[in-house]
Amino acid sequence: KTRFLKTFLALMMAFSLFLPNLSAVVKAEDLIATMIPHTKTDGSTNKFTFSETGWAAMGSSDEHVWSDDPTANPSSIWYQVDFVGSKIEIYSGKNHPMGMVEYFIDGESIGKFSLYNGSNINSTLIHTVDALTEGPHVFKAVATGEKAANSTNDLIDCAKVVVYHAPYQVTDFTIDEPTVSMTFSV
């Protein structure tokens with residue numbers, strides 16, 4: 001009886017996870033927001049990766065991190081976020097030593113952005129990219145070596161990204177007495 005009850009409850013739980021995901025159409029209001037902080041650097045997706053160059057002596061706080069001076073070889077200073085979704089909001093610190101940064105989605109430039117501000121802002125929305133096809137994408141930020149107007153340097157900064165995605169789908173469900181495990185795709 002106990003094994004049957006465990007199996008029945010596990011199957012009901014799995015069914016309740018599958019049922020909301022039967023529709024192939026996901027409306028904008030059904031998207032889930034996932035915040036990825038600059039400190040999340042592990043896993044296979046929804047994580048930050050920093051170039052080996054330019055971040056060795058980087059300054060940081062819990063809210064944001066900033067690069068070394070990229071003047072010598074700007075394009076060697078970058079960070080990227082591998083994510084799954086259809087929209088991404090990019091947050092960065094803005095301050096007087098910050099310069100220009102170029103953003104890319106899946107290898108295509110989406111523009112250059114100033115990270116300069118006269119006083120320190122640890123994390124503020126810089127840009128939003130939406131209308132992406134739901135699925136895996138790579139966001140990349142590359143130092144340009146250009147100072148922004150009134151900037152004292154040409155550093156770059158990052159704080160977090162917020163990714164909007166469809167609900168994750170259950171791809172595997174295993175009952176192995178005495179444990180139950182589920183695998184989700186992202």
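**Charges over rings**

I started with Lys87, whose charged end sits over the ring of Tyr164, 4.6 Å from the ring centre. I kept in mind that this is a predicted model. I then found a second case: the charged end of Lys160 sits over the ring of Tyr91, with 4.6 Å to the ring centre.

**The sheet**

Next I traced an open sheet of 4 strands, and I read its order as E1-E12-E6-E9, with antiparallel pairing. Which strands stand at the edges? They are E1 (32–37) and E9 (121–129); each has a single partner strand, so one side of each is left without a neighbour in the sheet. I noted that neighbouring strands here are turned by 20 degrees against each other on average, direction ignored.

E1 and strand E12 (residues 160–165) run antiparallel and are joined by 6 bridges. Within this pairing, I found Ile36 opposite Val161 of E12.

**The core**

I turned to the largest nonpolar core, which has 28 residues. Which of them touch the most other members? My list reads Tyr79, Ile88, Tyr103 and Phe139. The elements giving two or more residues to this core are strands E2 (47–50), E5 (78–85), E6 (87–94), E7 (99–105), E9, E10 (135–147) and E12.

Setting aside its neighbours within four places in sequence, I found Phe139 in contact with Tyr79, Gln80, Val81, Phe83, Ile88, Ile90, Tyr103, Phe104 and Ile105.

**Aromatic rings**

I counted 6 aromatic pairs in the structure. In one of them, the rings of Phe48 and Phe50 have centres 6.0 Å apart and planes at 15 degrees, so I logged the pair as stacked, the cut-off being under 30 degrees. Phe48 itself is buried, with a relative accessible area of 1%.

Phe50 also pairs with Tyr79, and this pair is tilted: I noted 6.1 Å centre to centre and 40 degrees between the planes. Phe50 lies in strand E2 and Tyr79 in strand E5, so the pair ties together parts that are 29 residues apart in sequence. Are these two residues buried or exposed? Both Phe50 and Tyr79 are buried.

I was pleased to see one aromatic cluster made by Phe48, Phe50, Tyr79, Tyr103, Phe113 and Phe139.

**Trp66**

Last, I checked Trp66, which I placed in strand E4 (residues 65–66). Trp66 is partly exposed, with a relative accessible area of 26%. Its C-alpha atom is separated by 8.5 Å from that of Met98, 32 residues apart along the chain.

Note on methods: Residues are numbered from 1 along each chain as its sequence is written. This is a predicted model: local features need pLDDT of at least 70, side-chain atom pairs count only at pLDDT 80 or more; totals for chains, interfaces and linings use all residues. Side-chain values use heavy atoms; hydrogens and water are left out. Two strands pair if DSSP finds at least two bridges between them. Axes are lines fitted to C-alpha atoms, for helices over the stretch in contact, and angles run from 0 to 180 degrees between N-to-C directions. A nonpolar core is a set of buried Ala, Val, Leu, Ile, Met, Phe, Trp, Tyr and Cys residues joined through side-chain atoms within 4.5 Å. Buried means under 20% relative accessible area, exposed over 50%, partly exposed in between (1.4 Å probe, protein chains only). Contact means heavy atoms within 4.5 Å. Rings of Phe, Tyr and Trp (its six-membered ring) pair if their centres lie within 6.5 Å; planes under 30 degrees apart count as stacked, over 60 as edge-to-face and the rest as tilted. A charge sits over a ring if NZ of Lys or CZ of Arg is within 6 Å of the ring centre and within 35 degrees of the ring normal.
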